[in-house]
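Biologist: I would like to learn how to read a structure like this one. Please take me through it feature by feature.

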Amino acid sequence: MLPPRAELIRDLAEWLPRQRWFGGKDGPIDELTIGTATELRTGDPALHHLVLDVRQNGTTDHYQLLLGVRRDLPDRLRHVEIGRDAGGTSSTGGKRVRVYDAAHDPDLTRTLLAALADGASIGPLRFHHAGGARIRTDLASLPITAEQSNTSLLFGDAYICKLFRRLSQGVNLDLEVNLALTRQGCAHVPAVHGWIELDPGEPGAEPVTLALLSDYLHTGADGWSLAIASVRDWFAYPLPAGDEWAELDAAVAGGDFAAEAERLGAATAQVHRALADAFGVTTVPAAEVRALAARMNAELTATCRAVPGLAPHAKALTGAFLDLAARTAPLAVQRVHGDYHLGQVLRTESGWALLDFEGEPARTQSERRALAHPLRDVAGMLRSFEYAARFLITKAGTVPTESGPHLETRAHAWAARNRAAFCRGYAAAGGADPAAHAVLMHAFEFEKAVYEVRYEARNRPAWLPVPLTSLAHLTA
């Protein structure tokens, strides 16, 4: 029932660049081909799994698509139709059919649950369930539309299925790490129930991860939203007369976040310990640490050329990287989160949970998989507190006007209080005490700040004052 391949490829090439999860929006598609096409369900509607090979600027990326095919398309699915301007695509029988992104069709996504429950193999696709997992197959799905690089489906209040839209070679880090932590019995990650992979068809080659099914933490609230609510309360707290406002502690406002920050620090240390148990810890010699410091400094130099506003901080940042290079002791490294911030954690009724172990999206697969010292994650979260403290300042009309002259002082006070609480919780739960590792902490945090400056200058210029203002405090 699939349309002729030439017509389908034409429609896909027009539709794909408009999708939020498509990573090649900065240039035209040179060539699009269908790498694999697997029929998962026959009839009307039908379901096909496609891997699209997209060539741009001399490189080829691979994307997966659940393709639905219907004779008549319900109104609820018209917004995800592919090739709708053509009024449908011809099928091999000459009749017009409608093709669409079936991730939005609960009539078809149940097929995934059934295949996972059965441990099925369909063409090159392999469906696995975790040991002892019994997967329900009677749940309807609802896509989460806020995501950018992936698409996640909620199945009732039981599961969340993350579909990795842009595929990477080998086992996806999110599956590898979460599955290992599930087997460790770690209470701070959603338990993995199953996964889908693509057999590459080459002897010795690793399967490609397509999807991950895990617990849906339906009582969870993300850390970023909770932190922003706390900052808003703090900004709304009335200032006393005279100069006494400068001595105010952010704890006096309602919605203080410090206790949660401390609990989050403890949960982070426990996950780091579970990662060490699951994957081991190794050490790298001082020469590799010097090479790391050199790369940090090279990125700083390049970013200062691109963003002149960073230049006033360059001396302090270079000094931190030189201090790291001067270390003579080997450095313990292990698996870490790799892209740790308040948007990657959920506060549930039973505590904090960590999500999305894929690493920074701008990094290569090998860079994401690289081992690091756990304090690199700590530095990432400290940077996130700096962002949360200043986010509302960048959005006009979101804070009281009478607080305007003193907002940065308030932001700094909120960030300092919650940074200290997070570090206190991390150390108390057995993590390396950030206060006792100042050289590492300064280098990791400044490396992340340089990354932020480069990112904001390229993508969100209005946000550039956030990392630059925080650096003014940290390098003073």
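Modeller: Start with contacts, meaning heavy atoms within 4.5 Å. Among contacts in the protein chain between residues at least 6 apart in sequence, 69% join residues at least 24 apart. This is a predicted model, in which local features need pLDDT of at least 70 and side-chain atom pairs count only at pLDDT 80 or more, while totals for chains, interfaces and linings use all residues. Residues are numbered from 1 along each chain as its sequence is written, and side-chain values use heavy atoms, with hydrogens and water left out.

Biologist: How many helices and strands does the protein chain have?

Modeller: Helices (H or I, at least four residues) and strands (E, at least two) are DSSP runs, numbered from the N terminus. Here there are 12 helices and 19 strands. The radius of gyration is taken over C-alpha atoms, and the globule rule is 2.2 Å times the number of residues to the power 0.38. For this chain the radius is 24 Å, close to the 23 Å that the rule gives for 476 residues, so the chain is as compact as a globular protein of that length. Its C-alpha trace spans about 80 × 50 × 45 Å along the principal axes.

Biologist: What share of the 476 residues counts as buried?

Modeller: Buried means under 20% relative accessible area, exposed over 50%, and partly exposed in between, with a 1.4 Å probe and protein chains only. By that rule, 49% of the 476 residues are buried.

Biologist: How does one check the span of helix H10?

Modeller: The expected span of a helix is 1.5 Å times one less than its number of residues. Helix H10 (residues 407-428) has 22 residues and should span 32 Å; its end C-alpha atoms are 32 Å apart, which agrees. Gly430 follows H10, with a positive phi near 105°.

Biologist: Which residues of H10 are buried, and what do they pack against?

Modeller: An α-helix has 3.6 residues a turn, so residues three or four places apart point the same way. In H10 the buried residues include Leu407, Arg410, Ala411, Trp414, Asn418 and Phe422. The buried residues of H10 pack against helix H4 (223-236), H5, H9, H11 and H12. Trp414 and Phe422 also belong to one aromatic cluster with Phe257, Trp352 and Phe385.

Biologist: How many aromatic pairs does the structure hold?

Modeller: Rings of Phe, Tyr and Trp (its six-membered ring) pair if their centres lie within 6.5 Å; planes under 30 degrees apart count as stacked, over 60 as edge-to-face and the rest as tilted. The structure holds 12 such pairs. In one, the rings of Trp15 and Trp21 have centres 5.9 Å apart and planes at 65°, so the pair is edge-to-face. Trp15 is buried at 3% relative accessible area, and Trp21 is buried at 8%. In another, Tyr387 and Trp463 have ring centres 6.1 Å apart and planes at 45°, so that pair is tilted. Tyr387 lies in helix H9 (residues 375-391) and Trp463 in the loop between helix H11 (438-459) and helix H12 (465-474), 76 residues apart.

Biologist: Which charged end sits over the ring of Trp463?

Modeller: A charge sits over a ring if NZ of Lys or CZ of Arg is within 6 Å of the ring centre and within 35 degrees of the ring normal. The charged end of Arg460 sits over the Trp463 ring, 3.9 Å from its centre. Likewise, Arg335 lies over the face of Phe279, at 4.6 Å from the ring centre.
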